[in-house]
Amino acid sequence: MMKLTPRVFSGMQPTGNLHLGNYLGAMVRWVEMQKSHECLYCIVDMHAITLWQEPAELRQSIREVAAAYIASGLDPKRSIIFNQSQVAQHAELAWIFNCVARLGWLDRMTQFKEKAGKEKERASVGLYAYPVLMAADILLYRGTHVPVGEDQKQHLELARDIAQKFNNDYRDSIVASGYADGLFFPLPEPLIQGPATRVMSLRDGTKKMSKSDPSDLSRINMSDDTDAIARKIQKAKTDPEPLPSEEAGLERRPEADNLVGIYAALADTTKEEVLGQFGGSQFSVFKKELAEVAVARVAPVNAEMQRLLGDPAEIDRILANGASRARTLAQPILTEIKNIVGFIQS
Ligand code: AMP
Ligand code: TRP
């Protein structure tokens with residue numbers, strides 16, 4: 001079998017407030033992966049406009065996400081940090097994949113159903129095709145590993161289906177292009193690990209923490225100050241029982257499970273360890289400690305983010321440099337894909 005270099009790809013939408021779910025579910029692990037892998041981290045602005053975005057706000061959000069990436073520890077020298085719309089190859093490959101993916105596959109996507117709501121007829125075509133563009137993002141670089149939160153699992157399965165169908169449909173052409181084993185695309189692997197792959201709302205332990213929740217008390221934003229973080233944790237919904245001493249005791253206690261998971265992720269430890277320390281404690285005690293760990297982790301990231309946002313031109317330079325490096329990787333792969341499909345290129 002042809003040897004594929006491991007390559008990490010992930011992305012985040014520049015839409016509104018970044019929250020603790022984004023940070024713990026995605027960014028912390030992205031930072032970790034830089035040590036061992038070649039990584040591309042994208043700000044997926046083309047995905048953002050599948051729902052309406054005010055242009056001025058979108059521009060600001062793109063810079064905010066770039067600043068959050070860097071403030072969290074993504075290193076623009078080591079990793080490629082860029083925004084999707086600056087690398088036209090994403091849109092080109094997405095079109096080819098639109099012709100590989102089947103309507104029936106997209107019909108099963110739960111995120112479309114959630115986002116389109118009751119008025120499916122009025123949703124944008126882009127919202128429907130969203131997972132196809134996501135597959136293009138990853139496969140344009142023949143990405144092999146994709147660190148994401150739990151909510152992206154179904155989209156990753158679709159990306160694998162697209163890769164596989166392309167490899168099958170174009171098998172002869174792929175072999176003729178020099179890939180004796182017929183495997184042009186790798187099947188990208190989702191990396192969904194750690195204690196915080198699904199950070200839940202602070203108001204309802206059965207709903208995920210989300211940018212779009214109307215209640216600001218439901219999430220900890222990366223831009224919240226010390227008081228806001230402490231207040232939100234203090235008001236977080238809990239049950240009346242003290243904390244259990246073992247993980248099994250968190251079953252059917254979604255709010256307790258969530259807070260323990262958040263603590264574990266913030267403190268770089270496991271739920272088991274956290275319960276070893278706090279088993280038997282009341283929530284009032286645990287919440288104070290949790291607020292401290294959260295502030296200690298979020299405040300420096302926020303401060304660095306604000307500092308970076310003071311120089312938007314520098315952020316734009318970093319993004320332009322990232323886009324240029326991304327294009328250099330993408331173009332030869334896209335040229336091969338176009339040849340395989342049968343397009344003539346001068
Ligand atoms: P989004 O903000 O939807 O573009 O998501 C960016 C990344 O954050 C993706 O990898 C998501 O899976 C992850 N993410 C978003 N919300 C959460 C959450 N509540 N818990 C864990 N990960 C999340
Ligand atoms: N759909 C992802 C989200 O909302 C963002 C995304 C777009 C992405 N393209 C990607 C994530 C490619 C991983 C790989 O979280």
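Is Arg219 buried or exposed, and what is its relative accessible area? Arg219 is buried, with a relative accessible area of 6%; buried means under 20% relative accessible area, exposed over 50%, and partly exposed in between (1.4 Å probe, protein chains only). This is a predicted model, in which local features need pLDDT of at least 70, side-chain atom pairs count only at pLDDT 80 or more, and totals for chains, interfaces and linings use all residues. Residues are numbered from 1 along each chain as its sequence is written, chains are lettered from A and ligands numbered from 1 in the order in which they are written, and side-chain values use heavy atoms, with hydrogens and water left out.

**Salt bridges**

- The count comes to 17 salt bridges, each being a side-chain nitrogen of Lys or Arg within 4 Å of a carboxyl oxygen of Asp or Glu.
- Arg219 forms one of them with Asp216, with the closest N and O atoms 3.3 Å apart.
- Asp216 counts as partly exposed, at 34% relative accessibility.
- A network of salt bridges links Asp216, Arg219, Asp224 and Lys232.
- Glu92 and Lys338 also meet through their side chains in a salt bridge (2.7 Å, N to O).
- Because Glu92 lies in helix α4 (residues 89–98) and Lys338 in helix α14 (residues 312–341), this pair ties together parts that are 246 residues apart in sequence.
- Helices (H or I, at least four residues) are DSSP runs, numbered from the N terminus.

- Asp45, in helix α2 (residues 45–48), is buried yet has no salt bridge.
- The nearest side chain of opposite charge is that of Arg59, 9.6 Å away; Lys and Arg count as positive and Asp and Glu as negative, while His and the chain ends are not counted.
- The side chain of Asp45 does make a polar contact with the side chain of Asn83 (2.9 Å). Such a contact is a pair of N or O atoms within 3.5 Å; within protein, one must be able to donate a hydrogen and the other to accept it, and residues adjacent in sequence count only if both atoms are side-chain atoms.

**Helix α12**

- Lys271, Val274, Leu275 and Phe278 are buried in helix α12 (residues 271–278).
- Seen down the axis of α12, these buried residues fall within an arc of 95 degrees, so they line one face of the helix; the arc is that of the directions from the helix axis to the C-beta atoms.
- Glu273, Gly276 and Gln277 are exposed on the face turned away from the buried side.

How values were computed: Helices (H or I, at least four residues) and strands (E, at least two) are DSSP runs, numbered from the N terminus.
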